[in-house]
Amino acid sequence: MKKGHSSLIIFFALGVFGIITTEMGIIGVLPQVTQKFHISTSQAGYLVSIFALIVAISGPFLTLFASGINRKVILLTAVLMFAISNIVYAYTTKFEVMLAFRILPAIFHPVFFSIALVTAAQLVPPEKSSKAVTKVFAGITVGFAFGVPLTSYLAEKISLEAAFLFGAAVSIIAFIGILAWLPSMPVKERMSFGKQLGILRKPQLWLTIIAVIFIFAAMFSVYSYFAEYLGQVTHMNGSWISIMLMTFGVTMIVGNFLFGGSLHKSMTKTVLIFPLLYVVVYLFTYYLGSYVFPMAVIVFIWGAVHSGGLIVSQALLMTEAKEAPEFGNSLFVSFSNVGITVGASIGGWFISYLGIHQLIWSGIMFILLAFLLIIIKMKIS
């Protein structure tokens, strides 16, 4: 890999880090947001839900629309929108303005992500493309590991403005790096909308899309209530839960590269092993969840396996969407958000009606459904 290309992929990863920090970091600062705007927690929650909803609905269509525009222009515009939005969050005094500027970056989220992944793969020889994609994906895991807790820490220790300006600074650095290192990339042969949409006729693609929804539902039906589970079932205090959240995020980074390397060696084996590993993790969580030390060890492993879901899902989907990779990646972003929404909703139902300890079975149910669909897909491919 050329030095310039290596640096550029780091800036792509930094851009993704900024996206995750902007999207998910808001969760950790909702109390400060409610105080600043004098609104209820449920109203502040719209800042989270509207972002995911816009990503899920608009992703594929906007990526299609952007398919004929210079790659550099699109990437720079997207990352600039994230920087501007964070600056608005920091200084606006109106909740309605903040809500509007949650919609703006959500529109550009799937576009940046899809094009950055494809561009990273194109910058290196074909045999190194999966490693380049893994490095860009590291921006997600690092965002979860450090971006989200750091945003919360800055809001608590300094100010809400400082937390949002951190997100803006990350996006500005990514903007400068892409501006300096990425050459102009006009689209020489624009793929027609019809050809890109044509991949939706493949039954295997829809099987894969549903499998991806189930994988993300399996992950986020439980992870969405991670802190509550550790507090109520494991009886950890706030300090321990913070440590566990950080541990989870750090081992996600490790898992990102472990699963990336494994996919590079054998995609079939990795795709089949991943859901089985997740079932094992969940079973240990269920049966040993009330013991502090065993649970700490489980969290360490859980984070690594959790990150595998991101890479495995994207690799699965791209095998069926290789004719239109940018559109395929936008489908991944949109339907993974659908999976997160479904998982969090069903997980909440399990807690309401069966109790928080039984939450684990929602994750096991979804991951087994995903495994079944993967087997069916492999049989008919």
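## The largest pocket

Which residues lie nearest the centre of the largest pocket? They are Met 24, Ile 27, Gly 28, Tyr 223 and Ser 224, part of a lining of 31 residues. Two or more lining residues come from each of helix 1 (3-28), helix 4 (46-65), helix 7 (129-157), helix 10 (203-223), helix 11, helix 12 and helix 15 (325-354). Please keep in mind as you look around that this is a predicted model.

The volume of the largest pocket is about 1,200 Å³. Sorted by class, its lining holds 20 nonpolar, eight polar and three charged residues.

## The second largest pocket

Next comes the second largest pocket, with about 420 Å³ of space. Its lining has 20 residues, and those nearest the centre are Ser 130, Val 133, Gln 314, Ala 315 and Met 318. Here, helix 6 (95-122), helix 7, helix 12, helix 14 (292-320) and helix 15 are the elements that each give two or more residues to the lining.

By class, you will find 11 nonpolar, eight polar and one charged residues in the lining of the second largest pocket.

## A nonpolar patch on the surface

Turning to the outside, Ile 87, Tyr 91, Leu 165, Ile 172 and Ile 176 form a nonpolar patch on the surface. Together these residues have about 450 Å² of accessible area. Helix 5 (71-91) and helix 8 (160-181) are the elements that give two or more residues to this patch, and helix 8 has the largest share, with three residues.

Leu 165 is in helix 8. Is this residue buried, partly exposed or exposed? Its relative accessible area is 31%, so Leu 165 counts as partly exposed. Residues need over 30% relative accessible area to join a patch, and Leu 165 has 31%.

## Two histidines with positive phi

Most residues other than glycine have a negative phi. Two histidines are worth a visit here. His 38 has a phi near 55 degrees, a positive value, and sits in the loop between helix 2 (30-37) and helix 3 (41-44). With a relative accessible area of 72%, His 38 is exposed.

For His 235, phi is near 60 degrees, again a positive value in a residue other than glycine. You can find His 235 in the loop between helix 11 (226-232) and helix 12 (238-265). The relative accessible area of His 235 is 60%, so this residue is exposed.

Conventions:
Residues are numbered from 1 along each chain as its sequence is written. This is a predicted model: local features need pLDDT of at least 70, side-chain atom pairs count only at pLDDT 80 or more; totals for chains, interfaces and linings use all residues. Side-chain values use heavy atoms; hydrogens and water are left out. Patches are made of residues with over 30% relative accessible area and no salt bridge: like charges are joined within 9 Å, nonpolar side chains (Val, Leu, Ile, Met, Phe, Trp, Tyr) within 5 Å. Accessible areas come from the Shrake-Rupley method with a 1.4 Å probe; for residues, only the protein chains shown count as cover. A salt bridge is a side-chain nitrogen of Lys or Arg within 4 Å of a carboxyl oxygen of Asp or Glu. Helices (H or I, at least four residues) and strands (E, at least two) are DSSP runs, numbered from the N terminus. Buried means under 20% relative accessible area, exposed over 50%, partly exposed in between (1.4 Å probe, protein chains only). On a 1 Å grid over the protein atoms alone, a cavity is a set of points where a 1.4 Å probe fits but cannot get out, and a pocket is an open set with protein on both sides within 12 Å along at least five of seven lines; lining residues have an atom within 4 Å of a point. Grid points are joined across faces, edges and corners, and a volume is the space filled by probe spheres set on the points. Ala, Val, Leu, Ile, Met, Phe, Trp, Tyr, Cys and Pro count as nonpolar, Asp, Glu, Lys and Arg as charged, and the others, Gly among them, as polar.
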